[in-house]
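Biologist: Please take a close look at the charged side-chain pairs here, and then at a couple of helices. I'd like the numbers and the cut-offs behind them.

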Amino acid sequence: MMGVEPPVSGTDDRKSLSITVQARKAGGLVTMSAVAEPMTSPKMAAGITYDAIVIGAGMSGLYQLIRLRELGFKTRVFEAGTGVGGTWYWNRYPGCRFDSESYSYGFSFDKDLLQEWSWTEHFAPQPETEKYLNLVADKYDLRRDIQFQARVASAHWQETTRSWTVTLEDGSQHHSRFLITAIGALSAPTMPTFPGIKDFKGQSFHTGLWPKEKVDFAGKRVAVIGTGASGVQTIQEVAKTAAQLVVFQRTPNWCAPLHNGKISAAEMAEIRSRYDEIFKRCEETFSCFLHTPHPQNTFDVSAAEREAFLEKLYSERGFGIWVGNFQDMLTNRAANEEISRFIAKKIRQRVKDPKVAEMLIPKNHGFGTRRVPLETFYYECYNQPNVTLVDSKATPIERITPTGIKTSDAEYEFDIIVYATGFDALRGAFDRIDFRGTDGVTLKEIWQDGATSLVGMLQSRFPNMFMLLGPHTALGNIPRSIEFNVEWVSDLLAYAQQKGITRVEAQQEAMDRWMEHVMDLAKGLLSMEVDSWMTGVNLNVSGKQKRIVARYTGSAPGYRAWANDIAAKDYAGISMA
Ligand SMILES: Cc1cc2nc3c(=O)[nH]c(=O)nc-3n(C[C@H](O)[C@H](O)[C@H](O)COP(=O)(O)OP(=O)(O)OC[C@H]3O[C@@H](n4cnc5c(N)ncnc54)[C@H](O)[C@@H]3O)c2cc1C
């Protein structure tokens, strides 16, 4: 991957900018040169102010801006928040941190930055990642092209000018040849639908919209609603100081130990020396983590060997227990029952009250078929006298009251309510923008029965629009996919720029082939039998109660191969004019 040079231009002095871009061609990267086209008068006459508008200033938006500057594109980034970082800007809840190993998460494109930056923990806490992304923004002087507190309300395609009209919530309109969405896959927080939420007189927060000011839980009566990944991280932290913590759990999740730890200076020096190897490993593994499935099946080994292997995984850092387990764990029902039995045993060992332990053991899905929250003494919290677990399926929350929460069998008083109710995942941020393509068709109409795409990045009838981390991109250790997607889009734009192409649109046939592949990959996966954001279900969002193939479930190398093949064949399946 090439090292990025410092920003080569401001937005105004791009006249004779000579650039070098990497174009992905068959068999690897080839280098091609292009001369950035200055803003031409026909475009100005058509009222197109920008070459590209990017929505979102998280990791995707930041890296895309760097690449677009290299291409000499006049770019504007619109970001709803007041700072950069996306996920790591919004999610300031107590205990928020990585599940990816820190050193596998950072940007890999800037070798100097890799040598300058130190991660202090194997799984860095949110403030550290926010600081890191601010450092990236500083180093590349990105903020001058980012407009903060600028929430995009709509984006409408204009066929006559081959451009996008982007309207912000403040009513201002901006016109651009290309539109790149970097709006995140877990960025549209959802609240539950209980009545009375606004009546509560105490403090209340959604984990994904956490305030910048410190929230003090010491001596307070606190409710946490939700036990997904954010809920688990919040609970184990709040339990340390709250006078009373009541956890409202609708669906227990299978959690596994994170085994976080500090990184010493010597360890960081050693990590720095291995960055090439670390990122190479991430490029090769199934889901871009350092962990990858064990090549044996669960029952290929003896019971004793199996137990020893599971014990080893349970004692190691990170997602190994989920993504580094026996390769048939998520496809073979008996294998999945075996690992579920193992984790249930661990929960029973760690939680003293057998009734509470049973409440914490999922009964409606097997281990790993939903997103596995990683935890640090989460289960032990329930041994503390200040922590109570309420089964919200057995005794549903009926309403939020001015003083607390009323369930079907009790009324609780709280000072603070935390909504750890997650996100309208994958396409929620898309649904919140009025996207209109050719002939005014809305993206919502086209995605009525589930999102479609070409390699997660393009959608027919939405010309000149590219989606970073869109539906059906490889997820896993996400920055690795972000870098790939940004580079793929940038290469395509460089190609279009070189050939004077002003209209780029995915062909329906190519999309159909890709979507058929996405559907095929999901066949036989146990996760497809379970309600979760990974199957497009969110009980708090109307119209999202039915399971669908909501994401790409194949390997990241397989995903990249498909996308690279399109590029290698001169963007076969994409119409250019
Ligand atoms: C709590 C939490 C922990 C996570 N931990 C990990 C992890 O350990 N490993 C991992 O790989 N991934 C993790 N993720 C996923 C994480 O989202 C990605 O790793 C990555 O940060 C996504 O970057 P992004 O720029 O694509 O999206 P985001 O970081 O979500 O940024 C999107 C940006 O778009 C902006 N935006 C959205 N809509 C609009 C609009 N209409 N107008 C203007 N701006 C808009 C948002 O304000 C936001 O700043 C985690 C996610 C969460 C929520």
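Modeller: Let's start with Lys139, which is partly exposed because its relative accessible area comes to 34%; on that scale, buried is under 20%, exposed is over 50% and partly exposed is in between, with a 1.4 Å probe and protein chains only. Keep in mind that this is a predicted model, where local features need pLDDT of at least 70 and side-chain atom pairs pLDDT 80 or more, while totals for chains, interfaces and linings use all residues. Residues are numbered from 1 along each chain as its sequence is written, and side-chain values use heavy atoms, leaving out hydrogens and water.

The side chains of Lys139 and Asp110 meet in a salt bridge, 2.7 Å from N to O; the term asks for a side-chain nitrogen of Lys or Arg within 4 Å of a carboxyl oxygen of Asp or Glu. This pair links distant parts of the chain, 29 residues apart: Lys139 sits in helix α6 (residues 126-139), and Asp110 in the loop between α4 (102-105) and α5 (111-116). Helices here are DSSP runs of H or I with at least four residues, strands are E runs of at least two, and both are numbered from the N terminus. As background, side chains of opposite charge can pair when their charged atoms come close.

Next pair: the side chains of Glu159 and Arg503 also form a salt bridge, 2.8 Å from N to O. The two are 344 residues apart, with Glu159 in the loop between β6 (152-158) and β7 (163-168), and Arg503 in the loop between α17 (478-499) and β21 (504-506). Glu159 counts as partly exposed because its relative accessibility is 38%, whereas Arg503, at 14%, counts as buried.

Then there's Lys240, whose side chain meets that of Glu237 in a salt bridge at 3.1 Å, N to O. Lys240 is exposed, given a relative accessible area of 61%, while Glu237 is partly exposed at 30%.

Some residues join up in a group: Arg306, Glu307, Glu338, Arg341 and Lys345 are linked in a network of salt bridges. Searching the whole structure turns up 39 salt bridges.

Now for the helices. Leu313 is in helix α10, which runs over residues 303-315. Its relative accessible area is 6%, so Leu313 is buried. What does Leu313 touch, leaving aside neighbours within four places in sequence? Leu313 is in contact (heavy atoms within 4.5 Å) with Gly320, Ile321, Gly324 and Asn325. Take Gly324: its C-alpha atom is 8.0 Å from that of Leu313, and the two residues are eleven apart along the chain.

Finally, helix α2 (residues 59-70). The expected span of a helix is 1.5 Å times one less than its number of residues, so the twelve residues of α2 should span 16 Å; the end C-alpha atoms are 17 Å apart, which agrees. Twelve of the twelve residues of α2 are buried, so call this helix mostly covered. After α2 comes Gly72, which has a positive phi, near 80°.
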